[in-house]
Amino acid sequence: EIIIRLYDYFLNNPDRISKAYQYIIDEEKVTAINAKTGEIIWQNSDFVRNSSSLRLDLDSKGNLYIVREDSPNLFIINKNGETVKRIEDLSLRFERIGIADIKFINNETELVITATIGDIINAKVVINLKDYSIKIEK
């Protein structure tokens, strides 16, 4: 059985994306759909969904960031539906990781994941989006 989760981004801010997209994430792929016309914009089958807990955000270039509790912990898809980056090992570094929130900082050069890591509540996992280095702030 395929579980479909819908994430709506109605982006009226011209600095981000001029269209409204709806993202469908099922067990086999991520699909971007034009919310007004229903037209499929792109599909990416590199992402396999096996976690019920996901957080999403878009940067100003239209890249979709998917963060989840199991591997890959960070999955980035560009505005054309191509895989940009997968970070697999966050969940392997820690006994348990629970994602609470994600946000961009420093002019979108870093992504901050607020998470429970083991027994540490509200830890900040900071990912440099230029070299994908990772630091943990407790």
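User: What pattern does the protein chain follow, read along the sequence?

Analyst: This is a predicted model. Along the sequence, the pattern of the protein chain is β-β-β-β-β-β-β-β-α-β-β-β-β. In total there are 1 helix and 12 strands.

User: How do I read the strands as a sheet? Which strands form the open sheet, and in what order?

Analyst: Start with the general idea. Strands of a sheet pair through backbone hydrogen bonds, either parallel or antiparallel. Here 4 strands make an open sheet, ordered S5-S6-S7-S8, with antiparallel pairing. Strand S5 (54-58) and strand S8 (83-87) are the edge strands, each pairing on one side only. On average, neighbouring strands of this sheet are turned by 15° against each other, direction ignored.

User: Take S5 and S6. How many bridges join them?

Analyst: The two run antiparallel and are joined by 5 bridges. Leucine 54 stands opposite arginine 68 in S6. Leucine 58 stands opposite leucine 64, again in S6. The hairpin of S5 and S6 has 5 residues between the strands. In that hairpin, glycine 62 adopts a positive phi near 90°.

User: S5 is an edge strand. Is S5 largely enclosed or open?

Analyst: Largely enclosed by the rest of the structure, because 4 of its 5 residues are buried. Keep one general rule in mind when you look at any strand. In a regular strand the side chains alternate between the two faces of the sheet.

User: What share of the whole protein chain counts as buried?

Analyst: Of its 138 residues, 44% are buried. The accessible surface of the protein chain is about 7,600 Å², and 43% of that belongs to carbon and sulfur atoms.

User: Next, the cores. Which residues of the largest nonpolar core touch the most other members?

Analyst: Tyr65, Val67, Leu74, Leu111, Ile113 and Ile127, in a core of 16 residues. Strand S6 (64-68), strand S7 (74-77), strand S9 (97-105), strand S10 (110-117) and strand S11 (120-128) each give two or more residues to this core. The largest share is from S10, with 4 residues. There is also a second, separate core of 14 residues, including Ile25, Trp42, Leu56 and Leu64.

User: How many aromatic pairs does a search of the whole structure find?

Analyst: The search finds 3. To classify a pair, look at the angle between the ring planes: under 30 degrees is stacked, over 60 is edge-to-face, and the rest are tilted. Tyrosine 23 and tryptophan 42 have ring centres 6.0 Å apart and planes at 45°, so this pair is tilted.

User: Which parts does the pair of tyrosine 23 and tryptophan 42 tie together?

Analyst: Tyrosine 23 lies in strand S2 (residues 21-25) and tryptophan 42 in strand S4 (residues 40-44), so the pair ties together parts 19 residues apart in sequence. Tyrosine 23 counts as buried at 2% relative accessibility. Tryptophan 42 counts as buried at 8%.

User: How are the rings of tyrosine 65 and phenylalanine 104 placed?

Analyst: Their centres lie 4.9 Å apart and their planes at 80°, so the pair is edge-to-face. Tyrosine 65 is in strand S6 and phenylalanine 104 in strand S9, so read this as a link between distant parts of the chain, 39 residues apart. Tyrosine 65 is buried, at 5% relative accessibility. Phenylalanine 104 is buried too, at 17%.

User: What share of contacts in the protein chain joins residues at least 24 apart?

Analyst: Among contacts between residues at least 6 apart in sequence, the share is 28%.

Definitions and conventions
Residues numbered from 1 in each chain as written. Predicted model: local features only at pLDDT ≥ 70, side-chain atom pairs only at ≥ 80, totals over all residues. Heavy atoms only, no water. Core = buried A, V, L, I, M, F, W, Y, C linked by side-chain atoms within 4.5 Å. Buried < 20%, exposed > 50% of the residue type's maximum accessible area, 1.4 Å probe, protein only. Pairing = 2+ DSSP bridges. Axes fitted to C-alpha atoms, helices over the stretch in contact; angles between N-to-C directions. Contact = heavy atoms within 4.5 Å. Areas by Shrake-Rupley, 256 points an atom, 1.4 Å probe, with all protein chains shown as cover. Phe/Tyr/Trp six-rings, centres within 6.5 Å; stacked < 30°, edge-to-face > 60°.
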